[in-house]
Amino acid sequence: MAKASSKVRKEPMSRVDTAWLRMERATNLMMITGVLMLETPLGIRELRKVIEQKFLSYPRFRQKAVDGPTGAFWQDDTDFDLDWHIRLTALPGKGGKRELERLTSQLASTPLDKSKPLWQFHLVERFNGGSALIARIHHCYADGIALVQVLLSLTEMQLDDKRKAALAKRWLKKEEHAPVAKRVGAIDRYMKLGNKVLEKGMDLYRDPTLAAVLANEGVEIAREIGHALALPDDPETVLKGRLGVSKRVAWAEPLALDEVKSVSKALHCTVNDILLASASGALRSYLLERGESIDGVTIRATVPVNLRPLEHAKQLGNHFGLVFLDLPVGEANPMRRLERVADCMRVLRKSRQAVATFGALAAVGMAPEAVQAFALEMFSRKASAVATNVPGPQMPLYFGGSRISDLMFWVPQTGSIGLGISILSYNGQVHFGLIADARLMPDPDSVIRRFRPEFEKLLYLALMARWEGEFCSEAAEALLEESTDV
């Protein structure tokens, strides 16, 4: 027995991965949930073969996440049983989109078993003439960029290896905040500074001389962390409040990516700006329906930003920071909403806020439990949502020989944040999804169904801009008068 136990492999967990492991709460599970909808049926044997041969080629997924008094670590699961991680299920009734959303909501609300590797795949053999696959993976294993690579490894494409490599590289070309070399080189400085901030805990946070203390480590670094700490709490709306333990998920009918690109070009902004402005408009309409007084109100979303060097793209783990994005839900004019979102994104792209929050997360991972709880609550009070936009492959993927028709994912929310916005582009379409705390938003479809109409407002303005040669403000005002917010 002693000989067998000596072979159990253990590896220390990184500080940031440890932070995500320790952020788990009954009200907010640190779990990434994804749904793949397949055009033709997928059998349990085919799924098992894909998981065995491809998913488990990553040794990390055979390991448990263990948290101990001296730190967290990865440990081989000597009792690993693949049957535990692959589950066969069925939908009730007609087994359509509504039933799949309900099942996904239940799974997104159910904790993974901490005594085993923290992931599971749930196969719905019969769905819309094909099958559906729900994946659940704990955030401590990987961030979104790494999981894109995992997804690529599980699927087949009608491409040669050279084109596959080029595709994987393009996925990482998101809107960067600074050159990779500079960002990576700065991470150590932010981690050290983050430790110093958290060591002082609550007293430091309340100290008005905080900026002066941080300035000793460099004006730029001090400004970024000081700015994050100084942000006022997000305004009280129905999107904020005491969380429950149940989640609700929903997703919209996809938009054509070419249409979104055309609108962004006509209105001189990015695709991301268009999509986030549309999300802001959908939230505005929902808040008005719920009776909120939101004139001039701005809420924030935390947005993940990749900090992973391209050469490390296939490694698991978490290598991203967070920035605070303003969502101007109090602005009635759709064009002005877009302008404000675009302006905020331009400012964030020039900042080092993402690297600063990465360092803070690393510090939280090593901080005492009381300081962790304080830092997490302080951070989450400053936002009402998490917003993620992942660019996926623009050609069809196949899973176990079955073509993937649609896919969606949801990232976890932290602390007291109860809303997650997910945007994913795949095969020429843009998919928009929500995950919400059921106590705060029992009907996320009420937001989802407003997403396309908000985009169509911007599409109309883009057409006007093209006809007039420049944007016509009168057109926006006319649109505002003709449309209703509810």
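Modeller: The account below starts with the ring pairs, goes on to the strands, and ends with one serine.

This is a predicted model, in which local features need pLDDT of at least 70 and side-chain atom pairs count only at pLDDT 80 or more, while totals for chains, interfaces and linings use all residues. Residues are numbered from 1 along each chain as its sequence is written, and side-chain values use heavy atoms, with hydrogens and water left out.

A search of the whole structure gives 11 aromatic pairs. Rings of Phe, Tyr and Trp (for Trp, the six-membered ring) pair if their centres lie within 6.5 Å; planes under 30 degrees apart count as stacked, over 60 as edge-to-face, and the rest as tilted. Phe61 belongs to the loop between helix H3 (44-53) and strand S3, whereas Trp119 is in strand S6 (residues 119-127), so the pair links distant parts of the chain, 58 residues apart. Helices (H or I, at least four residues) and strands (E, at least two) are DSSP runs, numbered from the N terminus. Phe61 is buried at 0% relative accessibility, and Trp119 is buried with a relative accessible area of 0%. Buried means under 20% relative accessible area, exposed over 50%, and partly exposed in between (1.4 Å probe, protein chains only).

Phe432 and Phe451 make a stacked pair, 3.8 Å from centre to centre with 5° between the planes. Phe432 lies in strand S16 (residues 429-437) and Phe451 in helix H17 (residues 451-468), so this pair ties together parts 19 residues apart in sequence. Phe432 is buried, at 2% relative accessible area, and Phe451 is buried at 2%.

Ring pairs also join Phe55, Tyr58, Phe61, Trp74, Phe80, Trp119, Phe121 and Tyr141 into a cluster.

Trp84 is involved in another kind of arrangement. The charged end of Arg87 sits over the ring of Trp84, 4.4 Å from its centre, and Lys116 lies over the face of Trp84, at 4.4 Å from the ring centre. A charge sits over a ring if NZ of Lys or CZ of Arg is within 6 Å of the ring centre and within 35 degrees of the ring normal.

Now the strands. S3 takes part in an open sheet of three strands, in the order S1-S4-S3, with antiparallel pairing. Strand S1 (10-12) and strand S3 (63-68) are at the edges with a single partner strand each, so one side of each has no neighbour in the sheet. S3 pairs with strand S4 (residues 71-76) over six bridges, and Gln63 has Asp76 in S4 as its bridge partner. Two strands pair if DSSP finds at least two bridges between them.

S16, which holds Phe432, is joined by five bridges to S8, and the two run antiparallel. In strand S8 (residues 247-251), four of the five residues are buried. Val249 stands opposite Ile435 in S16.

Ser384 counts as buried at 0% relative accessibility. Its side chain makes a polar contact with the side chain of Asp234, at 2.5 Å. A polar contact is a pair of N or O atoms within 3.5 Å; within protein, one must be able to donate a hydrogen and the other to accept it, and residues adjacent in sequence count only if both atoms are side-chain atoms.
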